[in-house]
Amino acid sequence: GLMEDSIQSSNSRRIMRALTGLALLAALFWFTWTLLLWFRWHPHLPWRDLFVILEDLQPLLDGQGSWRDWLFLFEPHYAAHRIAIPRLLVALDVTLFNGRGHLLYGAAWLALAGLVLIYLRMARAYFESRRAPFLFSAAVLLVLLFAPAHFWNLANAVNSSWHISFALAAMAFAVLLRPVDGPRARDWLLAYSLATLCALTTFAGVVLWLLLPALALGAGRRTLLLTLGSSLALALLYLNGIASDAEIAMSWQGDNELVVEKIKVAGRDALAANNPLRIFDRTAAVLGWPLSGSQPLAALILFVLSLPVLTIAGIGFLRARLAAGTALHPWLQFCLMLALLALGVALAVALGRVIEQPNHAHGPSYERYNTIVAVYWAGVFGLLLALCCRYGQRACAAAMSAILIWLGLLLVPWGSYLEQEIQSLEAAATLYAGGETPGLRGKLDKKLLRFRPEFVYSFDPLFRDRELAYMRPAERI
């Protein structure tokens, strides 16, 4: 009776404390590991997509452009999304720090800190005096953000855009969910301003626009219609000029007719094969990386298992707002919105990146999207833990155990994942040192590339011993 219940409750508390301690140790280990490796590996010079951005920005950086040239900042990047904020950061970094990436890296780390603080503040308000679930949630978020799978997005300066966009989205959700008596007009204006900045950073802002009206449910017909109309208008305006890689391939132009025809055929074949089942599978692959790289079926199963969590939370969200005229706790809504945002972005990736891209010198295809993965599972695990903890300490301990196992399966560097990542960094360094675009760099060297060959990167002996020197192109050409 009461004695057995007391013993079981005591055992559950001990299990929860042990699991929380384990999760905190894992978070501390991976945070330290990532910080040290990032400090040693991140390049203080432009590389990869930054050279495309630099080439586009050159008229502005040279001071030769007119005011019309500034409108280019809002043009689509590779017809995928509009990146005015990253372009401005690159321009400022070149002007203030000679293109060393300090501003991009600083923005990335600041955005990550903001995302973590907002997540923890919302979680603290829900769990209140229950320290173990709160600390466990904090540890899980840190593991997701600083595990090896996310290292590429921290080392590659241009991917700071993902950190910035999700931090802006978290701020927008927090602005609307924090007021006790519901958001006012100024809260909606601030949320849409943050969403617009997000949309000018990555495509995540478009998904955010479309999610915001959901938070207007139950707030009155006028508010709902205004938000719905605003979101649809902004999204339609944004999508003008946005296309998938297959659609771009189908309209390809060039001098070599044989090559052009092969590209067009590849685009048509890719679009024809992109049925709903394939889109679902590709979405699961994005959200299951790096596991999906070597164990696609296991990644698909874990993704499918997350959908009931979202379904249960979504039904509760709709019932509370429509039927009862109230709302779920802000923490539950926040986690649901985060997960749906990441799911929407992953779906957009599956629709936009239709042609198969093999892993090559510019990095494994899905690595650049791992911030999306981290945010998705942070939302799902936050919901799972919160919903289970409603049913007592035993259910809470069971949820913690399941999340740790789930987390381990998702983030273990299966197969040659880490080796691929290291080889990608090495290949990018070699391309830079050899002069990937020597004509451009020769032209911009005085303006952009004021580097001394002092940055020598040693790849950690944990993997293999090797050294690379990043040198000015002028010294190698």
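Q: Is Asn159 buried or exposed?
A: Asn159 is buried, at 7% relative accessible area; buried is under 20%, exposed over 50%, partly exposed in between, with a 1.4 Å probe and protein chains only. This is a predicted model, where local features need pLDDT of at least 70, side-chain atom pairs count only at pLDDT 80 or more, and totals for chains, interfaces and linings use all residues. Residues are numbered from 1 along each chain as its sequence is written, and side-chain values use heavy atoms, leaving out hydrogens and water.

Q: Where does Asn159 lie?
A: In the loop between α7 (151–155) and α8 (160–177). Helices are DSSP runs of H or I, at least four residues, numbered from the N terminus.

Q: What is Asn159 in contact with, leaving aside neighbours within four places in sequence?
A: Trp152, Asn153 and Arg368; contact means heavy atoms within 4.5 Å.

Q: And α8, how many of its residues are buried?
A: 17 of 18, so α8 is mostly covered.

Q: New topic. At what angle do the axes of α16 and α19 cross?
A: Roughly 140 degrees, coming within 11 Å, for α16 (residues 296–323) and α19 (residues 393–411). Axes are lines fitted to C-alpha atoms over the stretch in contact, with angles from 0 to 180 degrees between N-to-C directions.

Q: Which residues make the contact?
A: Leu302, Leu305 and Ser306 from α16, with Trp406, Leu409 and Leu410 from α19.

Conventions: Helix = DSSP H or I, 4+ residues; strand = E, 2+ residues; numbered from the N terminus.
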